[in-house]
Amino acid sequence: MSRPMLQLYNSMTRTVEPLKRADHDRDPAGKRVSLYVCGPTIYNYGHIGNFRTYVAVDLLRRTLKHFGYQVDHVMQFTDVDDKTIRGSREKNLPLKEFTAIYRKAFLEDAKTLNIEVAERTPDATDHVPAMIALIQKLIDKKSAYVSDDGSVYFRIASFPKYGCLCHLDLANLISGARVNQDEYEKEGVGDFVLWKKWVPADGDAGWDSPWGKGRPGWHIECSALSMEFLGPQIDIHGGGTDLRFPHHENEIAQSEAATGKKFVDHWFHVEHLLVDGQKMSKSLGNMYTVRDVRARGYTGRELRYALLSGAAYSKNLNFTWQGMDDAKTALARIDEWRKRINAAQTQVSDPGRETGIAEELMNHADLALANDLNIADLLGELFQWIRVTNKAMDDGTLSAADAKVLNSVWGQIDAILGLGDATVTVPAEVQALADQRAEARKAKNFAKSDELRKAIEALGWKVKDTAKGQELSPG
(Lines give C-alpha, C1' and ligand atoms only; values in the text may rest on other atoms or scores of the structure.)
Protein backbone atom coordinates (compact mmCIF):
# COMPACT_ATOMS: atom_id res chain seq x y z
CA MET A 1 0.00 0.00 0.00
CA SER A 2 1.48 3.35 -1.03
CA ARG A 3 1.63 5.99 1.66
CA PRO A 4 1.37 9.79 1.46
CA MET A 5 4.50 11.95 1.53
CA LEU A 6 5.72 12.56 5.08
CA GLN A 7 5.84 16.28 5.94
CA LEU A 8 7.29 17.85 9.09
CA TYR A 9 7.64 21.33 10.55
CA ASN A 10 11.20 22.56 10.02
CA SER A 11 12.31 24.99 12.72
CA MET A 12 14.91 26.50 10.39
CA THR A 13 12.46 27.50 7.64
CA ARG A 14 9.47 27.74 10.00
CA THR A 15 7.28 25.87 7.54
CA VAL A 16 5.83 22.38 7.20
CA GLU A 17 7.71 20.74 4.34
CA PRO A 18 8.47 17.30 2.88
CA LEU A 19 11.18 15.38 4.69
CA LYS A 20 14.56 16.09 3.12
CA ARG A 21 17.43 13.65 3.08
CA ALA A 22 21.04 14.81 2.83
CA ASP A 23 22.85 11.52 3.26
CA HIS A 24 22.61 10.06 -0.25
CA ASP A 25 26.24 8.88 -0.51
CA ARG A 26 25.89 6.39 2.33
CA ASP A 27 22.43 5.29 1.24
CA PRO A 28 22.09 4.62 -2.50
CA ALA A 29 18.74 2.87 -1.94
CA GLY A 30 17.26 6.10 -0.55
CA LYS A 31 15.78 4.62 2.62
CA ARG A 32 18.21 5.62 5.38
CA VAL A 33 17.33 8.57 7.61
CA SER A 34 19.98 9.85 9.98
CA LEU A 35 18.54 11.23 13.20
CA TYR A 36 20.56 12.95 15.91
CA VAL A 37 18.87 13.93 19.16
CA CYS A 38 20.48 15.84 22.00
CA GLY A 39 20.30 13.51 24.97
CA PRO A 40 20.02 14.35 28.66
CA THR A 41 22.62 15.98 30.85
CA ILE A 42 22.86 13.28 33.49
CA TYR A 43 23.15 15.18 36.75
CA ASN A 44 19.64 14.49 38.10
CA TYR A 45 16.46 12.56 37.34
CA GLY A 46 14.74 13.63 34.13
CA HIS A 47 11.47 15.54 34.60
CA ILE A 48 8.33 15.09 32.52
CA GLY A 49 9.23 18.14 30.42
CA ASN A 50 12.41 16.36 29.32
CA PHE A 51 10.46 13.21 28.57
CA ARG A 52 7.84 15.12 26.59
CA THR A 53 10.66 15.71 24.08
CA TYR A 54 11.81 12.08 24.04
CA VAL A 55 8.26 10.73 23.66
CA ALA A 56 7.73 13.09 20.68
CA VAL A 57 11.04 11.95 19.14
CA ASP A 58 9.93 8.35 19.71
CA LEU A 59 6.72 9.08 17.79
CA LEU A 60 8.84 10.54 14.97
CA ARG A 61 11.17 7.53 14.97
CA ARG A 62 8.29 5.03 14.90
CA THR A 63 6.53 7.00 12.15
CA LEU A 64 9.67 7.04 9.99
CA LYS A 65 9.91 3.26 10.30
CA HIS A 66 6.20 2.91 9.48
CA PHE A 67 6.79 4.93 6.31
CA GLY A 68 9.53 2.51 5.28
CA TYR A 69 12.67 4.37 6.35
CA GLN A 70 15.67 2.77 8.04
CA VAL A 71 16.36 5.02 11.01
CA ASP A 72 19.95 5.52 12.14
CA HIS A 73 19.41 7.26 15.45
CA VAL A 74 22.10 8.63 17.76
CA MET A 75 21.43 10.17 21.18
CA GLN A 76 24.35 11.16 23.38
CA PHE A 77 24.54 11.41 27.15
CA THR A 78 26.18 14.62 28.33
CA ASP A 79 28.26 13.40 31.24
CA VAL A 80 30.63 16.35 31.52
CA ASP A 81 29.53 19.98 31.81
CA ASP A 82 29.11 22.64 34.49
CA LYS A 83 26.11 20.86 36.10
CA THR A 84 27.54 17.34 36.19
CA ILE A 85 30.84 18.55 37.66
CA ARG A 86 29.05 20.58 40.32
CA GLY A 87 26.80 17.63 41.19
CA SER A 88 29.68 15.15 41.48
CA ARG A 89 31.56 17.49 43.80
CA GLU A 90 28.48 17.98 46.00
CA LYS A 91 28.08 14.18 46.28
CA ASN A 92 31.84 13.68 46.66
CA LEU A 93 31.83 11.10 43.86
CA PRO A 94 34.06 10.68 40.80
CA LEU A 95 32.35 12.22 37.76
CA LYS A 96 31.80 8.92 35.92
CA GLU A 97 30.38 7.22 39.01
CA PHE A 98 28.06 10.16 39.68
CA THR A 99 26.70 10.39 36.13
CA ALA A 100 26.26 6.59 35.86
CA ILE A 101 23.50 6.84 38.50
CA TYR A 102 21.41 9.17 36.36
CA ARG A 103 22.24 7.47 33.07
CA LYS A 104 20.75 4.26 34.47
CA ALA A 105 17.74 6.15 35.84
CA PHE A 106 17.06 7.81 32.48
CA LEU A 107 17.06 4.48 30.66
CA GLU A 108 14.74 2.99 33.30
CA ASP A 109 12.31 5.90 32.92
CA ALA A 110 12.50 5.65 29.12
CA LYS A 111 11.59 1.96 29.39
CA THR A 112 8.66 2.86 31.66
CA LEU A 113 7.40 5.14 28.87
CA ASN A 114 8.08 2.48 26.19
CA ILE A 115 10.56 4.74 24.39
CA GLU A 116 12.69 2.87 21.88
CA VAL A 117 16.42 3.12 22.56
CA ALA A 118 18.51 4.82 19.86
CA GLU A 119 20.91 2.68 17.83
CA ARG A 120 23.86 4.46 19.46
CA THR A 121 23.87 6.15 22.89
CA PRO A 122 27.45 7.33 23.47
CA ASP A 123 28.72 9.05 26.61
CA ALA A 124 30.46 12.31 25.77
CA THR A 125 33.48 11.53 27.95
CA ASP A 126 34.26 8.40 25.89
CA HIS A 127 34.85 10.53 22.79
CA VAL A 128 36.96 13.47 23.94
CA PRO A 129 39.71 12.76 21.33
CA ALA A 130 37.17 13.35 18.53
CA MET A 131 36.25 16.68 20.15
CA ILE A 132 39.90 17.71 20.42
CA ALA A 133 40.42 16.88 16.74
CA LEU A 134 37.41 18.95 15.72
CA ILE A 135 38.56 21.93 17.79
CA GLN A 136 42.03 21.73 16.23
CA LYS A 137 40.43 21.77 12.78
CA LEU A 138 38.53 24.94 13.69
CA ILE A 139 41.72 26.56 14.97
CA ASP A 140 43.50 25.65 11.73
CA LYS A 141 40.68 27.29 9.76
CA LYS A 142 40.92 30.48 11.89
CA SER A 143 37.37 29.87 13.15
CA ALA A 144 38.63 29.34 16.70
CA TYR A 145 41.44 30.71 18.85
CA VAL A 146 43.24 30.04 22.11
CA SER A 147 42.47 32.89 24.50
CA ASP A 148 44.67 34.51 27.09
CA ASP A 149 42.87 32.52 29.80
CA GLY A 150 44.02 29.22 28.22
CA SER A 151 40.59 28.21 26.90
CA VAL A 152 39.60 27.85 23.23
CA TYR A 153 36.75 29.91 21.78
CA PHE A 154 34.79 29.86 18.52
CA ARG A 155 35.09 33.15 16.65
CA ILE A 156 31.51 33.85 15.59
CA ALA A 157 32.60 36.77 13.39
CA SER A 158 34.19 34.11 11.15
CA PHE A 159 30.76 32.58 10.46
CA PRO A 160 28.47 35.11 8.73
CA LYS A 161 25.44 32.78 9.03
CA TYR A 162 25.60 32.83 12.83
CA GLY A 163 22.07 33.28 14.19
CA CYS A 164 20.33 31.66 11.19
CA LEU A 165 18.29 29.20 13.27
CA CYS A 166 17.02 31.73 15.82
CA HIS A 167 17.03 34.74 13.47
CA LEU A 168 19.42 36.71 15.68
CA ASP A 169 20.31 40.32 14.95
CA LEU A 170 24.07 40.58 15.47
CA ALA A 171 24.36 44.23 14.42
CA ASN A 172 25.17 45.27 17.97
CA LEU A 173 27.53 42.41 18.73
CA ILE A 174 30.52 43.53 20.74
CA SER A 175 33.65 42.41 18.93
CA GLY A 176 35.66 39.94 20.98
CA ALA A 177 32.98 39.38 23.63
CA ARG A 178 33.28 35.88 25.13
CA VAL A 179 30.97 33.46 26.92
CA ASN A 180 32.56 30.81 29.13
CA GLN A 181 29.33 29.27 30.50
CA ASP A 182 27.60 26.35 28.77
CA GLU A 183 24.18 28.02 28.92
CA TYR A 184 23.38 31.70 28.40
CA GLU A 185 20.69 34.03 27.04
CA LYS A 186 20.55 35.62 23.59
CA GLU A 187 21.48 38.98 25.11
CA GLY A 188 24.82 37.48 26.15
CA VAL A 189 25.85 36.29 22.70
CA GLY A 190 29.58 36.22 22.04
CA ASP A 191 32.46 33.94 21.11
CA PHE A 192 31.54 30.66 22.82
CA VAL A 193 33.86 28.23 24.54
CA LEU A 194 34.96 25.01 22.81
CA TRP A 195 37.57 23.90 25.34
CA LYS A 196 37.72 25.02 28.97
CA LYS A 197 41.04 25.24 30.72
CA TRP A 198 41.12 22.97 33.77
CA VAL A 199 40.61 24.63 37.16
CA PRO A 200 40.70 22.92 40.57
CA ALA A 201 36.90 23.04 40.80
CA ASP A 202 36.76 20.63 37.84
CA GLY A 203 38.18 17.83 39.99
CA ASP A 204 38.79 14.69 37.95
CA ALA A 205 37.15 16.16 34.83
CA GLY A 206 40.27 16.96 32.83
CA TRP A 207 41.95 15.70 29.66
CA ASP A 208 45.29 16.52 28.06
CA SER A 209 45.13 18.53 24.85
CA PRO A 210 47.41 20.64 22.60
CA TRP A 211 46.22 23.66 24.62
CA GLY A 212 46.82 22.13 28.03
CA LYS A 213 44.65 20.18 30.45
CA GLY A 214 40.97 20.97 30.22
CA ARG A 215 37.57 19.70 29.18
CA PRO A 216 35.23 20.13 26.21
CA GLY A 217 32.51 22.74 26.20
CA TRP A 218 28.95 21.43 25.97
CA HIS A 219 28.30 22.57 22.39
CA ILE A 220 31.27 20.84 20.75
CA GLU A 221 30.16 17.47 22.13
CA CYS A 222 27.14 17.08 19.84
CA SER A 223 28.95 18.27 16.71
CA ALA A 224 31.79 15.82 17.26
CA LEU A 225 29.52 12.88 18.11
CA SER A 226 27.09 13.46 15.23
CA MET A 227 30.01 13.63 12.78
CA GLU A 228 31.65 10.53 14.25
CA PHE A 229 28.53 8.37 14.02
CA LEU A 230 26.45 9.92 11.22
CA GLY A 231 28.88 11.84 9.05
CA PRO A 232 29.18 15.59 8.30
CA GLN A 233 25.53 15.99 7.28
CA ILE A 234 22.43 14.66 9.00
CA ASP A 235 18.84 14.49 7.85
CA ILE A 236 17.04 15.35 11.10
CA HIS A 237 18.32 16.94 14.28
CA GLY A 238 15.91 16.91 17.20
CA GLY A 239 15.65 18.27 20.72
CA GLY A 240 13.70 20.49 23.05
CA THR A 241 12.90 24.03 21.95
CA ASP A 242 15.05 25.39 24.79
CA LEU A 243 18.13 24.06 22.95
CA ARG A 244 17.66 26.27 19.88
CA PHE A 245 19.84 28.91 21.51
CA PRO A 246 22.63 28.74 22.26
CA HIS A 247 23.21 25.00 21.80
CA HIS A 248 21.87 24.30 18.32
CA GLU A 249 22.91 27.69 16.98
CA ASN A 250 26.45 26.94 18.11
CA GLU A 251 26.34 23.43 16.70
CA ILE A 252 25.52 24.82 13.26
CA ALA A 253 28.36 27.35 13.41
CA GLN A 254 31.12 25.01 14.54
CA SER A 255 30.00 22.09 12.32
CA GLU A 256 29.62 24.06 9.09
CA ALA A 257 32.78 26.07 9.75
CA ALA A 258 34.68 22.78 10.07
CA THR A 259 33.22 20.92 7.07
CA GLY A 260 32.00 23.63 4.69
CA LYS A 261 28.79 21.60 4.30
CA LYS A 262 25.22 22.15 5.42
CA PHE A 263 24.99 20.50 8.84
CA VAL A 264 21.29 19.61 9.12
CA ASP A 265 18.49 19.43 6.57
CA HIS A 266 15.58 19.32 9.00
CA TRP A 267 15.34 20.73 12.53
CA PHE A 268 12.74 19.04 14.77
CA HIS A 269 12.05 20.97 17.97
CA VAL A 270 9.56 19.97 20.66
CA GLU A 271 7.89 22.81 22.53
CA HIS A 272 7.62 23.35 26.28
CA LEU A 273 5.59 21.40 28.82
CA LEU A 274 3.68 23.56 31.30
CA VAL A 275 2.08 22.34 34.51
CA ASP A 276 -1.35 23.79 35.22
CA GLY A 277 -0.52 26.60 32.82
CA GLN A 278 2.73 27.53 34.56
CA LYS A 279 6.36 26.93 33.77
CA MET A 280 7.85 24.09 35.80
CA SER A 281 10.08 25.23 38.64
CA LYS A 282 11.30 23.91 41.96
CA SER A 283 10.00 27.02 43.73
CA LEU A 284 6.44 26.27 42.57
CA GLY A 285 6.76 22.61 43.52
CA ASN A 286 5.51 21.51 40.10
CA MET A 287 8.63 19.90 38.65
CA TYR A 288 7.58 16.26 38.40
CA THR A 289 9.71 13.27 37.43
CA VAL A 290 8.36 10.09 35.84
CA ARG A 291 8.78 8.51 39.27
CA ASP A 292 6.68 11.24 40.90
CA VAL A 293 3.83 10.54 38.47
CA ARG A 294 4.00 6.80 39.10
CA ALA A 295 4.00 7.42 42.86
CA ARG A 296 0.56 9.01 42.40
CA GLY A 297 -0.78 5.72 41.08
CA TYR A 298 -0.48 6.29 37.34
CA THR A 299 1.29 3.97 34.92
CA GLY A 300 4.01 4.80 32.43
CA ARG A 301 1.53 3.88 29.71
CA GLU A 302 -0.92 6.50 30.97
CA LEU A 303 1.81 9.14 31.15
CA ARG A 304 2.96 8.30 27.63
CA TYR A 305 -0.60 8.73 26.34
CA ALA A 306 -0.93 12.08 28.12
CA LEU A 307 2.37 13.32 26.68
CA LEU A 308 1.39 12.16 23.18
CA SER A 309 -2.21 13.34 23.13
CA GLY A 310 -2.02 16.59 25.08
CA ALA A 311 -0.85 18.75 22.16
CA ALA A 312 1.05 18.65 18.87
CA TYR A 313 4.80 18.40 19.47
CA SER A 314 5.24 21.87 17.96
CA LYS A 315 2.87 23.46 20.50
CA ASN A 316 3.11 23.91 24.26
CA LEU A 317 1.55 21.06 26.23
CA ASN A 318 -0.27 21.82 29.48
CA PHE A 319 0.12 18.92 31.91
CA THR A 320 -2.62 18.49 34.53
CA TRP A 321 -3.69 15.67 36.83
CA GLN A 322 -7.12 15.81 35.20
CA GLY A 323 -5.32 15.16 31.94
CA MET A 324 -3.78 12.07 33.49
CA ASP A 325 -7.24 10.86 34.54
CA ASP A 326 -8.46 11.51 30.99
CA ALA A 327 -5.56 9.44 29.66
CA LYS A 328 -6.53 6.58 31.96
CA THR A 329 -10.14 6.75 30.70
CA ALA A 330 -9.09 6.87 27.05
CA LEU A 331 -6.83 3.83 27.43
CA ALA A 332 -9.61 1.92 29.19
CA ARG A 333 -11.85 2.56 26.15
CA ILE A 334 -9.16 1.30 23.79
CA ASP A 335 -8.52 -1.77 25.93
CA GLU A 336 -12.21 -2.66 26.17
CA TRP A 337 -12.58 -2.27 22.39
CA ARG A 338 -9.58 -4.50 21.79
CA LYS A 339 -11.08 -7.20 24.00
CA ARG A 340 -14.31 -7.07 22.00
CA ILE A 341 -12.47 -7.17 18.66
CA ASN A 342 -10.40 -10.15 19.79
CA ALA A 343 -13.55 -11.97 20.89
CA ALA A 344 -15.35 -11.10 17.63
CA GLN A 345 -12.66 -12.90 15.62
CA THR A 346 -13.75 -16.26 17.02
CA GLN A 347 -17.32 -15.83 18.28
CA VAL A 348 -18.97 -15.30 14.90
CA SER A 349 -19.93 -18.63 13.34
CA ASP A 350 -19.86 -17.22 9.79
CA PRO A 351 -16.56 -15.39 9.24
CA GLY A 352 -18.15 -13.32 6.45
CA ARG A 353 -15.97 -11.17 4.21
CA GLU A 354 -13.87 -8.08 4.62
CA THR A 355 -15.65 -4.80 3.90
CA GLY A 356 -12.56 -2.57 3.81
CA ILE A 357 -13.40 -0.88 7.10
CA ALA A 358 -9.99 -1.66 8.60
CA GLU A 359 -8.04 -0.47 5.56
CA GLU A 360 -9.95 2.81 5.69
CA LEU A 361 -8.84 3.34 9.30
CA MET A 362 -5.19 2.76 8.34
CA ASN A 363 -5.46 5.19 5.42
CA HIS A 364 -6.77 7.90 7.75
CA ALA A 365 -3.96 7.17 10.21
CA ASP A 366 -1.33 7.50 7.47
CA LEU A 367 -2.76 10.83 6.32
CA ALA A 368 -2.71 12.18 9.89
CA LEU A 369 0.88 11.08 10.50
CA ALA A 370 2.07 12.43 7.13
CA ASN A 371 0.65 15.83 8.11
CA ASP A 372 3.38 16.78 10.62
CA LEU A 373 2.62 13.89 13.01
CA ASN A 374 -0.94 15.12 13.57
CA ILE A 375 -1.65 13.02 16.64
CA ALA A 376 -4.98 14.75 17.35
CA ASP A 377 -6.38 13.67 13.96
CA LEU A 378 -5.02 10.15 14.36
CA LEU A 379 -6.60 9.68 17.78
CA GLY A 380 -9.82 11.34 16.61
CA GLU A 381 -10.09 8.84 13.75
CA LEU A 382 -9.24 5.95 16.05
CA PHE A 383 -12.00 6.78 18.52
CA GLN A 384 -14.46 7.36 15.67
CA TRP A 385 -13.72 3.83 14.43
CA ILE A 386 -14.04 2.49 17.95
CA ARG A 387 -17.57 3.97 18.09
CA VAL A 388 -18.46 2.62 14.65
CA THR A 389 -17.14 -0.89 15.25
CA ASN A 390 -18.58 -1.11 18.76
CA LYS A 391 -22.00 -0.32 17.28
CA ALA A 392 -21.46 -2.95 14.57
CA MET A 393 -20.60 -5.51 17.25
CA ASP A 394 -23.67 -4.48 19.26
CA ASP A 395 -25.79 -4.95 16.13
CA GLY A 396 -24.08 -8.21 15.19
CA THR A 397 -23.06 -6.80 11.79
CA LEU A 398 -19.26 -6.87 12.17
CA SER A 399 -17.86 -9.90 10.39
CA ALA A 400 -15.15 -12.04 11.94
CA ALA A 401 -13.03 -11.25 8.86
CA ASP A 402 -13.28 -7.52 9.56
CA ALA A 403 -12.53 -8.08 13.24
CA LYS A 404 -9.39 -10.00 12.31
CA VAL A 405 -8.14 -7.25 9.98
CA LEU A 406 -9.02 -4.54 12.52
CA ASN A 407 -6.91 -6.34 15.08
CA SER A 408 -4.02 -6.39 12.60
CA VAL A 409 -4.45 -2.68 11.82
CA TRP A 410 -4.46 -1.88 15.53
CA GLY A 411 -1.10 -3.64 15.74
CA GLN A 412 0.26 -1.29 13.05
CA ILE A 413 -1.17 1.79 14.75
CA ASP A 414 0.15 0.78 18.14
CA ALA A 415 3.60 0.16 16.65
CA ILE A 416 3.50 3.93 16.05
CA LEU A 417 1.77 5.07 19.26
CA GLY A 418 3.75 2.67 21.44
CA LEU A 419 0.97 2.22 23.98
CA GLY A 420 1.30 -1.55 24.28
CA ASP A 421 -0.99 -3.69 26.38
CA ALA A 422 -2.36 -2.91 29.79
CA THR A 423 -0.42 -4.77 32.45
CA VAL A 424 -2.55 -5.02 35.54
CA THR A 425 -1.43 -6.66 38.76
CA VAL A 426 -4.42 -7.51 40.91
CA PRO A 427 -3.70 -7.07 44.63
CA ALA A 428 -3.92 -10.27 46.63
CA GLU A 429 -6.73 -8.86 48.80
CA VAL A 430 -8.84 -8.03 45.72
CA GLN A 431 -8.15 -11.42 44.11
CA ALA A 432 -9.18 -13.23 47.31
CA LEU A 433 -12.52 -11.37 47.34
CA ALA A 434 -13.02 -12.15 43.65
CA ASP A 435 -12.37 -15.83 44.28
CA GLN A 436 -14.94 -15.82 47.12
CA ARG A 437 -17.41 -14.07 44.82
CA ALA A 438 -16.90 -16.70 42.11
CA GLU A 439 -17.72 -19.41 44.66
CA ALA A 440 -20.81 -17.48 45.81
CA ARG A 441 -22.08 -17.17 42.23
CA LYS A 442 -21.40 -20.86 41.62
CA ALA A 443 -23.56 -21.63 44.70
CA LYS A 444 -26.18 -19.16 43.39
CA ASN A 445 -25.75 -17.05 46.55
CA PHE A 446 -26.33 -13.76 44.72
CA ALA A 447 -26.78 -11.72 47.88
CA LYS A 448 -23.28 -12.74 48.98
CA SER A 449 -22.02 -12.08 45.44
CA ASP A 450 -23.37 -8.51 45.53
CA GLU A 451 -21.84 -7.95 48.96
CA LEU A 452 -18.43 -9.09 47.71
CA ARG A 453 -18.78 -6.89 44.59
CA LYS A 454 -19.22 -3.85 46.85
CA ALA A 455 -16.18 -4.88 48.89
CA ILE A 456 -14.10 -5.13 45.69
CA GLU A 457 -15.33 -1.71 44.52
CA ALA A 458 -14.46 -0.21 47.90
CA LEU A 459 -10.85 -1.21 47.20
CA GLY A 460 -10.89 0.69 43.89
CA TRP A 461 -11.59 -2.18 41.51
CA LYS A 462 -14.42 -3.10 39.16
CA VAL A 463 -15.69 -6.61 38.46
CA LYS A 464 -17.50 -7.59 35.28
CA ASP A 465 -19.27 -10.90 34.69
CA THR A 466 -18.66 -12.43 31.26
CA ALA A 467 -19.28 -15.77 29.58
CA LYS A 468 -15.70 -16.70 30.46
CA GLY A 469 -16.07 -15.68 34.12
CA GLN A 470 -15.18 -12.57 36.12
CA GLU A 471 -12.95 -9.78 34.79
CA LEU A 472 -11.23 -7.39 37.18
CA SER A 473 -10.08 -3.90 36.22
CA PRO A 474 -8.92 -0.83 38.17
CA GLY A 475 -11.87 1.38 38.97
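The structure is a predicted model, in which local features need a pLDDT of at least 70 and side-chain atom pairs count only at pLDDT 80 or more, whereas totals for chains, interfaces and linings use all residues. Residues are numbered from 1 along each chain as its sequence is written, and side-chain values use heavy atoms, with hydrogens and water left out.

By the criterion above, cysteine 222 is buried, with a relative accessible area of 0%, and cysteine 166 likewise counts as buried, at 11% relative accessibility. With a disulfide taken as a pair of cysteine sulfur atoms within 2.5 Å, the structure holds zero disulfides. Cysteine 222 is accordingly in no disulfide, the nearest cysteine sulfur, that of cysteine 38, being 3.8 Å away. For cysteine 166, the closest cysteine sulfur belongs to cysteine 164 and lies at 8.4 Å, which is too far for a bond.

Turning to the sheets, helices (H or I, at least four residues) and strands (E, at least two) are DSSP runs numbered from the N terminus, and two strands are regarded as paired if DSSP finds at least two bridges between them. Strands of a sheet pair through backbone hydrogen bonds, either parallel or antiparallel. Four strands form an open sheet with parallel pairing, in the order E4-E3-E10-E11. Strand E4 (70-75) and strand E11 (264-270) stand at the edges of this sheet and have a single partner strand each, so one side of each is left without a neighbour in the sheet. From one strand to the next, the twist averages 20°, where axes are lines fitted to C-alpha atoms, for helices over the stretch in contact, and angles run from 0 to 180 degrees between N-to-C directions.

Strand E10 (residues 234-240) pairs with E11 in the parallel sense over six bridges, and glycine 239 has histidine 269 of E11 as its bridge partner. Helix H5 (residues 218-230) packs on the sheet, touching strand E3 (32-37), E4 and E10, and its direction makes about 160° with that of E3; contact here means heavy atoms within 4.5 Å. Helix H6 (residues 244-259) also packs on the sheet, touching E10 and E11, with its direction at about 160° to that of E10.

A further open sheet comprises three strands in the order E13-E12-E14, with mixed pairing. Strand E12 (residues 273-275) and E13 pair in the antiparallel sense over two bridges, and valine 275 has glutamine 278 in E13 as its bridge partner.

Notes
Buried < 20%, exposed > 50% of the residue type's maximum accessible area, 1.4 Å probe, protein only.
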